[in-house]
Amino acid sequence: MEQSQQTHRHAAAKDFFQSLDQLEDILQENPTEDEETPELNTDSTNDPELLENLTEIDLAAFEDAVADIEQYLEEKTKSK
């Protein structure tokens, strides 16, 4: 692997982890007084259909996130 390609990958990885840290900070912020935190209905946590739907939603969200990250890295690589 060329040194410049290694350098670009290192920079992209550093940017990625910084973005993850920022996302973690945002997700850990406490809601403001105006925001309401939705309550989960724990009565239906044993419902297999609900659990399957939640799994599908999470998987779709992860796939979208991965696609966004890949697109970002491609654009960043093209611009250098």
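The model is predicted, and the values given here are computed from it. The protein contains 2 helices and 0 strands, and of its 80 residues 2% are buried. Helix H1 covers residues 3-28 and helix H2 covers residues 48-79, and each of these helices supplies at least two residues to the lining of the largest pocket.

**Surface**

**The salt bridge**

- When the whole structure is searched, 1 salt bridge is found.
- This salt bridge is formed by lysine 76 and aspartate 15, whose closest N and O atoms are 2.4 Å apart.
- Because lysine 76 belongs to helix H2 and aspartate 15 to helix H1, the pair ties together parts of the protein that are 61 residues apart in sequence.
- Lysine 76 has a relative accessibility of 23%, and therefore it counts as partly exposed.

**The largest pocket**

- The volume of the largest pocket is about 170 Å³, and its lining is made up of 10 residues.
- Among these lining residues, the ones that lie nearest the centre of the pocket are His8, Arg9, Ala12, Leu73 and Thr77.
- Helix H1 gives the most to the lining of this pocket, with 5 residues.
- Sorted by class, the lining of the largest pocket holds 4 charged residues, 3 polar residues and 3 nonpolar residues.

**Histidine 8 and leucine 73**

- Histidine 8 is found in helix H1, and it is one of the residues that lie nearest the centre of the largest pocket.
- Since the relative accessibility of histidine 8 is 39%, this residue counts as partly exposed.
- Leucine 73 is also among the residues nearest the centre of the largest pocket, and although histidine 8 and leucine 73 are 65 residues apart along the chain, their C-alpha atoms are separated by 10.0 Å.

Methods:
Residues numbered from 1 in each chain as written. Predicted model: local features only at pLDDT ≥ 70, side-chain atom pairs only at ≥ 80, totals over all residues. Heavy atoms only, no water. 1 Å grid on protein atoms, 1.4 Å probe; cavity = no way out; pocket = protein on both sides within 12 Å on 5 of 7 lines; lining within 4 Å. Points joined across faces, edges and corners; volume = space filled by probe spheres on them. Helix = DSSP H or I, 4+ residues; strand = E, 2+ residues; numbered from the N terminus. Nonpolar A, V, L, I, M, F, W, Y, C, P; charged D, E, K, R; others polar. Buried < 20%, exposed > 50% of the residue type's maximum accessible area, 1.4 Å probe, protein only. Salt bridge = Lys/Arg side-chain N within 4 Å of Asp/Glu carboxyl O.
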